[in-house]
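Biologist: I have the model open and would like to go through it with you. Can we start with the core and then move on to the rest?

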Amino acid sequence: MKKKVFHLSVLCACFVFSTVNAQEKMEELNEVVVTATKFAIKKEHVGKIIYQITAKDLINLKGQTVIDVLDNIAGIQINGTNSSAGKNKSTYIRGGRDRQVLVLIDGVPMSDPSGVTTTYDLRLLTLSQIASIEVMNGSASTLYGSGAATGVINIKLKQAESKPFTLNYQTSVGTNNSQKNSSLNLNEINQNASINGTIKKFNYFTSINTSKTNGLSEASDVNSTSKFEKDNFLAYNALIRFGYQFNSNFEVKLFSNYDKNIYDYDSGAFSDSEINDGENKQQSVGILSNYNYSKGSLKLVASYSKIDRMFNSFNGWTNATDYYDYTGKTYVLDVVNNYKFSKEFQVILGLNYQEQSNSANSPYGNIDENLAKNTIIDPYLTGVYNSSFGFNMNAGVRFNNHSEYGNHVVYNVNPSYNFTHNFRLISTYSTAFIAPSTYQLFSQYGNINLNPEENKSIEAGLVYSKSKTFEINSVFFYREEDNAIILPDYITYQNAQGTINAKGFETDVKINALKNITFRFGYTYTHKSADLDYIPKNKFTVLVEINSIKNTYVSVRFKNIGDRTYFDQWGTGSNISLEAYNLVDLYTSHQLIKDKLSVFAQVNNLLNEDFIETIGYTTKGRNFKIGLDYRF
């Protein structure tokens, strides 16, 4: 592919030398994070890099999706970000696959036991409902269990405001074109409305979101003599939450949400279909409670979720349409207590219970819910020591009891040292255990003799800041994966022979050298020995933020995705190299009425870069979006 914007990438790189990645709020003294211990802890006491996307950051990201935002974080690559809305999205952190990433929503672990890899579909979330995001790259299985082998994405939803009634309405419209189409048709429409408030000890939050996208074919028609049809994507999200503050130390929240996607999809790479369509539905209910006492805190999370996936697929062999129906159910109970023995030492003790089941009806065989079921009971213990002379230690162990695979032990050791308030060295050694999914065990491709995957990870790095003018964090990582589950012949799942390793480093820098102008830079290098999965070796991101005009924000984002290698197992049977590509995005917002009414506009892929994200599938060209946000 012709690199028509190479000259621009060099110019941008020179212009923003030593700048930082998008929306990552880095080290500030006394800044608090939650993901490292499940409880609030000063960021300077944490021996891992945690990327924060704050409520302030999200104000300048209106009109984007959760996937758009996460794809700008160092160490993360989401394949499908720049494809059609209905295209499957795969999240890779530090060279790992998406089933090695755990998504938390308000502390509730999310998964889809009806899927091949139990991966949670991030398209079921809308950014309008989110208050903040923390991303902790690296293994966190000791604290969060199976599935957190390469990272944790911790999403906190918006909370009720202190006044009795608050209304927020946001809408946006935009184009949805490929590189070959410059139409100004408004093929993307989004609306979100929320009502929330607090009345004495009672608080409430409700939100409804709708999105409709058209204009693109999922599959690329570059090799076709005819134009492929446009594929629709519809999304509906509803959330309701009630809370009661019994006193200053004890609060209980009840929540329920309903999310639904309806989509068209094509027959495969370079292959169109007017018949294939699908529907995903998620329903969840649960309770959250937090009790603070003189020496610590006690948290309870209990939830039930059900995911239904249905789709129609045209069968070329029978010249008929096949129907598939999958249902996954998950029960979660997590009780965790944080006890502070002293100012320097605290212990986190928890018990996690999960039950997952999967049922399916398909032309190739059914899955019995009573058979495809497993339970996990995990007690876990973590000790946190923060000395007065700068040494910090986070060490823990988890005893995993799996109904199918018996007992396993995972652990982590995470020392760090603060030489000054501005300079810290960090390091981690950790292990992880990942059980096969019920689909991998009991489907038509299933193998009940599969062994669980096992990971070992190390990381080492530094964090440095100079007042608020310069900040940097950089970390090296290395991970070994044994018993990786693969489908080598499309007949039966197997454990891969040998060890797969992934290594690399992440670097983030932030510079506030100029008044009202911030430069942000991020770079990730990833090398994986096998199982390449479209992961780029080099990923370079730049963000320039300008606040020099009153009540106006302007940003220019540049992203370079380096060369990627994909093993074409079902086609050529060899590695295929994909060329690098560059994307430039513009965004601006202006407050017409301060803190009440704002308008925003964005241009994505400004230079209409033609590139391949996934072989055989369409990518987005230059597109425009405008919107407004009203708060009463």
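Biologist: Which residues have the most contacts inside the largest nonpolar core?

Modeller: Leu70, Tyr120, Ile130, Ile133, Val135, Ile153 and Ile155, in a core of 38 residues. A nonpolar core here is a set of buried Ala, Val, Leu, Ile, Met, Phe, Trp, Tyr and Cys residues joined through side-chain atoms within 4.5 Å. Buried means under 20% relative accessible area, exposed over 50%, and partly exposed in between, with a 1.4 Å probe and protein chains only.

Biologist: What should I know about the model and its numbering?

Modeller: The model is predicted, so local features need pLDDT of at least 70 and side-chain atom pairs count only at pLDDT 80 or more, while totals for chains, interfaces and linings use all residues. Residues are numbered from 1 along each chain as its sequence is written, and side-chain values use heavy atoms, with hydrogens and water left out.

Biologist: What is Tyr120 in contact with, beyond its neighbours within four places in sequence?

Modeller: Val103, Ile105, Met110, Ser111, Asp112, Leu125 and Gln282. Contact means heavy atoms within 4.5 Å.

Biologist: New topic. Is Asp57 buried or exposed?

Modeller: Asp57 is buried, at 9% relative accessible area. Its place is in helix H2 (residues 55–59).

Biologist: What about Leu514, where is it?

Modeller: In strand E27, residues 499–514. Leu514 counts as partly exposed, at 45% relative accessibility. From Leu514 to Thr469 the C-alpha distance is 8.9 Å, and the two are 45 residues apart in sequence.

Biologist: Zooming out, how many helices and strands does the protein have?

Modeller: Five helices and 35 strands. The C-alpha trace spans about 70 × 60 × 50 Å along its principal axes, and buried residues make up 56% of the 632 residues.

Definitions and conventions:
Helices (H or I, at least four residues) and strands (E, at least two) are DSSP runs, numbered from the N terminus.
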